[in-house]
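I set out to look up how the chains of this model meet. My notes follow in the order in which I made them.

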Amino acid sequence: MDLADNLITGFSVALQPHNIFFCFIGVLIGTLIGVLPGIGPVGAMSILLPITFGISPVTAIIMLSGIYYGAQYGGSTTSILVGIPGEAASVVTMLDGHQMALKGRAGPALGIAAFGSFIAGTIGIIGLMLLAPPLASIALRFGPPEYFALMIMGLVILTYLAQKSMAKSLMMAGVGVLAGVVGLDTMTGLPRFTFGIPDLLDGIGIAPLAMGLFGVSEILLNVEKTIKQGVVVSQVKNLLPSRQDWKESFAPIMRGSFLGFLLGILPGGGAVLSSFISYSTEKRVSKTPEKFGHGAIAGVAGPEAANNAAAQAAFIPLLTLGIPANAVMGILLGALMIHGITPGPLMIQKNPELFWGTVTSMYIGNAMLLVLNLPLIGLWVRLLRVRYAVLFPLILFIALIGAYVINGSEMDLYLMLFFGVVGYLMRKFDYEPAPLILAYVLSPILEDSLRQSLIISGGSMGIFVSRPIAAGFLFIALMLLISAVLPAIRKKRNALVASADENA
Amino acid sequence: MTISKRFRLAGLSLMLTGGLLASGLATAKYPDKPITMYIAFAAGGTTDITGRALAQGIEKILGVPVTIENKGGGGATVANGLLASKKPDGYNLLVTSVGSITMRPLLLKLAYNAQSFRPLLQFSYYIGGLVVNADSPFKTVDDFVDYAKKNPGLTYSSSGPHTQQQIGVEAFARCKGLVFKHMPTKGGSTANTALMGKHVDFVAGSGSHILLVEQGQFRELVTFHIDARDPKRPDIPVMKDIGCPPTNPPSGMIVVAPAGLPDAVAATLEAALKQVTESPEFKQILIKYNLPYAYEDGATVASKFPAEIEWYTKYFKETGLLK
Amino acid sequence: MNAERVGSLVWLLLGAAAVYGALDLGIGTMGAPGSGFLTCVAGSFVALMALMIFIQSFKGDPAAQTRVADLWAGCNWWRAVAISILIILFILAFETLGFFLCSFILLLVIMRWLEGLSWKTSILIPVIAIGCTYLLFKTILKISLPAGIFGF
């Protein structure tokens with residue numbers, strides 16, 4: 001079928017007034033939900049799911065999708081403004097984004113996040129249109145060995161996030177892997193390190209962990225000091241990114257979009273992985289890597305683009321194969337089924353208006369997000385000028401609600417506080433929480449894929465090198481490791497040579 | 001005591017008893033505040049959608065708001081444990097699976113056991129099956145058994161260890177004298193994906209595979225848990241057809257309340273729930289998800305627990321999981 | 001006490017505890033990893049790194065290193081403790097007294113007592129914020145939070 005025909009079909013569906021209306025509602029609710037840390041789009045979507053029973057399937061999907069990427073962007077807003085990442089994908093954005101906000105550059109940070117997400121979304125949609133079926137079949141070739149190799153590469157790349165001591169960051173990654181072990185063992189179904197607490201059967205939970213380690217700990221740290229002014233010390237300058245900002249951000253956005261799109265297709269963990277691979281890549285190729293961690297706009301632009309592109313790419317396995325890539329897609333799958341639509345290879349043929357209508361509505365949704373959020377930047381920035389003494393209790397309140405509503409569990413609140421204290425102590429003693437969180441996300445996939453691979457191979461480690469994709473990732477990981485360690489070795493060698501020369 | 005005082009005393013005690021009776025009658029009117037219905041699985045799944053439909057239905061009948069709370073996790077064990085701790089006053093209900101109540105406590109130390117609940121009804125059950133790729137050389141279960149006998153160690157994915165379907169596959173294996181390698185994953189769709197990508201040889205289908213079979217991507221070779229062939233898919237045999245004893249009893253989708261629920265309240269709830277499940281809208285939902293309509297009342301469900309527990313105890317002892 | 005040493009010691013203990021727990025779970029073999037395999041590897045790694053940092057802390061200029069006491073120099077650390085205690089009290093109370101009521105009390109106490117803001121600010125701002133959130137959750141999102149004995 002001609003691409004132009006498909007687009008026309010798509011837009012004719014997407015531009016119908018009631019579809020635009022529901023798209024807007026979805027994006028609005030999604031943003032509201034996303035701004036509240038902890039409550040993910042899953043909660044909102046499942047609550048609104050019954051409303052969709054009465055409307056047509058296309059409209060239902062359009063609204064639910066709007067909630068999804070609305071929540072994505074809302075989460076970035078909170079990350080940047082108050083430093084509380086509500087889910088794993090916002091953690092990396094927060095690293096430099098929040099620093100920018102503290103330096104009075106919240107406007108440009110939010111702005112580049114909005115524009116970056118929009119551009120990435122557009123690229124993602126184009127990719128979706130052109131490459132959906134072939135990419136989906138590549139995604140299928142990712143079995144346990146490929147995932148394991150990818151996780152190893154991810155862990156190696158994590159080390160590039162290190163700002164200060166590499167040894168400390170590596171250790172934090174190790175702790176993150178340990179934290180990920182808590183809960184039910186997928187392979188045996190038996191609990192590990194749950195200490196008899198039923199709420200821990202599902203693990204610690206990314207939200208209490210992230211909100212505690214970053215959000216609550218920051219509150220505790222700030223409260224100790226006797227600053228009685230606003231969070232932002234310096235005068236707020238522009239509300240939008242400057243030309244210089246754009247110069248620094250354009251390439252990261254491009255790179256991030258492609259990275260995010262490719263990794264987002266893989267069911268499970270694609271968005272998080274792509275966000276910090278993007279961050280590490282930008283830090284590596286940047287001419288000013290020392291700025292990262294202190295407000296480098298490339299560190300916001302790249303990851304934001306990556307995780308928005310990944311969000312779009314996550315639709316591919318669902319729409320083409322009927323496989324939900326994450327919990328959100330699972331809800332969409334349920335919604336499709338209840339409307340009698342079976343997603344899969346036949347769906348594009350049998351229900352073209354659903355596929356193309358959804359795809360084109362993503363353009364509209366992304367545009368709406370931009371239009372919705374840009375004017376709000378002024379409002380958000382003004383919020384930061386409020387006295388910290390007034391602001392932080394409100395932030396705390398929002399964190400408490402957000403953490404509780406995820407599971408309705410008291411334990412999550414205790415966990416958030418516990419990790420808040422841990423994070424507070426960690427930062428005092430100069431340990432970074434970011435590698436911990438990111439390793440925590442990778443840990444279950446790492447372990448499950450290792451054991452699953454060994455079951456398939458019958459116990460032989462050779463499976464990781466005999467399969468090309470897996471071998472490829474491991475090779476890259478090895479190269480990255482060597483190139484990270486090499487400068488240090490060279491420095492030592494040069495130092496030795498120099499001292500030898502001196503003594504000669 | 002003077003006569004007037006006696007009269008006053010009598011009058012007072014009459015009023016008190018009258019008042020008590022009246023308040024007793026007043027509290028006998030159930031329900032008079034919102035009900036919370038927990039769902040033991042994540043939002044968007046089959047249990048979730050059916051549970052929500054139930055909630056909406058009984059809300060209309062009982063006239064009080066019924067709010068849904070998802071509490072997925074640990075294979076329904078988290079939600080089960082939570083409900084077991086609630087008061088049996090009829091304001092806390094749970095949609096869960098029979099298997100998580102009868103089977104799981106045998107393996108894990110949990111905060112509940114089969115006696116912690118009063119089942120109200122069953123409305124459907126999960127059916128598992130042995131599923132291969134459509135393009136695999138196995139067209140019938142006999143082809144498969146022949147090949148598996150000559151090539152032990154075929155791999156299969158599942159939605160988790162000791163799930164209904166995985167136990168079904170193992171029971172099948174024991175009946176036919178086969179040896180498989182089990183590769184657990186985190187859920188039904190990840191298990192299906194593993195098969196689609198040809199990383200394993202077959203999958204212990206947990207219900208979500210039916211969609212893929214209909215689409216022509218998978219082929220189901222034998223269905224577990226039911227005694228007669230599905231009339232919609234008459235060419236797929238069941239365990240009886242291939243000469244095997246029935247696998248584990250099917251795990252029903254049930255609604256429960258904490259144990260100790262007063263009979264009067266239970267009767268009200270059971271009637272309301274039954275009415276909803278008999279409605280055409282609800283049945284439509286079941287059809288859309290390829291779930292069988294299988295109503296059983298609360299007492300029947302409860303009466304089947306001991307037999308199931310016995311089956312699983314025997315099975316786990318034979319497979320060495322229990323001493 | 002040297003801050004680096006204390007810090008790394010804590011992680012060393014954590015790593016060791018993890019290895020101990022892993023052995024309990026069963027490590028399996030390289031070809032067939034058990035439940036504790038990854039825990040053992042990660043725990044050993046953490047312990048190893050911690051040990052390295054611990055040893056490193058003995059090198060370098062002693063005067064330039066921070067002491068544990070220095071980390072809290074000039075800090076009103078008791079305020080962080082107070083907030084933590086208040087949060088614990090909140091968690092203990094909110095299921096009985098209601099989420100929003102307890103939030104109000106929490107915010108009031110923090111603003112008035114801890115931060116010394118005026119009564120007007122300490123009451124008005126929480127009321128507005130909590131009120132809006134309450135409406136948002138009750139009407140639009142239809143998510144219910146514990147209502148407690150006062151009914152909201």
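Predicted model: local features only at pLDDT ≥ 70, side-chain atom pairs only at ≥ 80, totals over all residues.

**Entry 1: chain B against chain A**

By this rule I found five residue pairs in polar contact between chain B and chain A, both residues of each pair being at pLDDT 80 or more. I then looked for salt bridges across the interface of chain B and chain A and recorded zero.

Which elements of chain B each supply at least two residues of the side that touches chain A? I listed the helices α2 (46-62), α3 (77-84), α5 (104-107), α8 (188-196), α9 (209-214) and α11 (280-288), together with the strands β2 (66-70) and β7 (180-184), of chain B. Of these, β7(B) gives the most, with four residues.

For extent, I noted 38 residues from chain B and 47 residues from chain A in the contact. The two chains bury about 3,400 Å² between them, and carbon and sulfur atoms give 65% of that area. I looked up the leading contributors on chain B: H199(B), L211(B) and Q215(B) supply 18% of the area that chain B buries against chain A, more than any other three residues.

**Entry 2: chain A against chain C**

I next recorded 56 residues from chain A and 63 residues from chain C in contact. About 5,300 Å² is buried between chain A and chain C, 80% of it on carbon and sulfur atoms.

I counted one salt bridge here. It joins E4(C) to K168(A), with the closest N and O atoms 2.8 Å apart.

On the side of chain A that touches chain C, the elements giving two or more residues are α2 (17-35), α8 (166-181), α9 (206-224), α17 (388-407), α18 (410-428) and α19 (433-457) of chain A. I noted that α17(A) gives the most, eleven residues. The residues on this side of chain A comprise 40 nonpolar, five polar and eleven charged.

**Entry 3: a helix of chain B**

Finally, I checked the length of α10 (residues 263-277) of chain B. At 1.5 Å a residue its 15 residues should span 21 Å, and the end C-alpha atoms are 21 Å apart, so the two values agree. I listed the buried residues of α10(B), among them V265(B), L269(B), E270(B), L273(B) and T277(B).

Notes:
Residues numbered from 1 in each chain as written. Chains lettered and ligands numbered in written order. Heavy atoms only, no water. Contact = heavy atoms within 4.5 Å. Buried area = accessible area lost by both parts, 1.4 Å probe. Salt bridge = Lys/Arg side-chain N within 4 Å of Asp/Glu carboxyl O. Nonpolar A, V, L, I, M, F, W, Y, C, P; charged D, E, K, R; others polar. Expected span 1.5 Å × (residues − 1). Buried < 20%, exposed > 50% of the residue type's maximum accessible area, 1.4 Å probe, protein only. Polar contact = N/O pair within 3.5 Å; in protein donor to acceptor, adjacent residues only side chain to side chain.
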